[in-house]
Amino acid sequence: VQLQASGGGLVQPGGCLRLSCVASGSSFSTMGWYRQTPGNQRELVASVTGGGFTNYADSVKGRFTISRDSAKNTVYLQMNSLKPEDTAVYYCNAFGLVTKSLHFGQGTQVTVSS
């Protein structure tokens with residue numbers, strides 16, 4: 001199983017970014033995004049089930065939107081109204097239906113700064 005994330009970068013406060021993650025090697029149920037800053041635990045940002053149900057961290061509700069293209073095994077995270085506190089390494093994850101395990105991608109850096 002491999003997860004390849006892309007779309008991170010440097011953006012000014014109030015700006016937007018779109019992260020993408022392509023998963024391969026299995027079929028997947030819930031897919032999502034976590035983020036981590038130095039010295040802190042990885043935290044859930046958003047997730048989406050195979051049926052399309054979504055879940056968001058309170059800190060990103062109303063600003064971030066998660067979506068998926070199940071035919072392409074791809075999950076997206078549209079991030080709007082970005083804040084400096086959104087700065088982190090973002091990791092996509094997916095639960096493999098064959099492996100019965102949670103898999104993480106390599107991470108993509110998002111930096112929100114003026």
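A salt bridge here is a side-chain nitrogen of Lys or Arg within 4 Å of a carboxyl oxygen of Asp or Glu. The model is predicted, and a search of the whole structure turns up four such bridges. One of them joins the side chains of Arg 35 and Glu 43, with N and O 2.7 Å apart.

**Arg 63 and Asp 86**

- Arg 63 and Asp 86 form another salt bridge, in which the closest N and O atoms are 2.7 Å apart.
- This pair links distant parts of the chain, as the two residues are 23 residues apart.
- Arg 63 sits in the loop between strand 6 (54-56) and strand 7 (64-69), and Asp 86 in the loop between strand 8 (74-79) and strand 9 (88-96).
- Arg 63 and Asp 86 are both buried.
- A network of salt bridges links Arg 63 and Asp 86 with Arg 35 and Glu 43.

**Lys 61 and Asp 58**

- The side chains of Lys 61 and Asp 58 also meet in a salt bridge, at 3.1 Å from N to O.
- Asp 58 is exposed, its relative accessible area being 65%.
- That label applies because 65% is over the 50% limit.

**Nonpolar surface patch**

- Phe 95, Leu 97, Leu 102 and Phe 104 make up a nonpolar patch on the surface.
- Together these four residues have about 310 Å² of accessible area.
- Leu 102, one of the patch residues, belongs to strand 10 (residues 101-104).
- With a relative accessible area of 43%, Leu 102 is partly exposed.

- Thr 108 is part of strand 11 (residues 108-112).
- Its relative accessibility is 12%, and Thr 108 therefore counts as buried, the cut-off being under 20%.
- The Thr 108 side chain comes to 3.2 Å from the backbone nitrogen of Gly 8.
- Apart from neighbours within four places in sequence, Thr 108 contacts Ala 5, Ser 6, Gly 7 and Gly 8, along with Leu 19, Ala 88, Val 89 and Tyr 90.

How values were computed:
Residues numbered from 1 in each chain as written. Predicted model: local features only at pLDDT ≥ 70, side-chain atom pairs only at ≥ 80, totals over all residues. Heavy atoms only, no water. Buried < 20%, exposed > 50% of the residue type's maximum accessible area, 1.4 Å probe, protein only. Helix = DSSP H or I, 4+ residues; strand = E, 2+ residues; numbered from the N terminus. Patch = residues over 30% accessible without salt bridge, like charges linked within 9 Å, V, L, I, M, F, W, Y side chains within 5 Å. Areas by Shrake-Rupley, 256 points an atom, 1.4 Å probe, with all protein chains shown as cover. Polar contact = N/O pair within 3.5 Å; in protein donor to acceptor, adjacent residues only side chain to side chain. Contact = heavy atoms within 4.5 Å.
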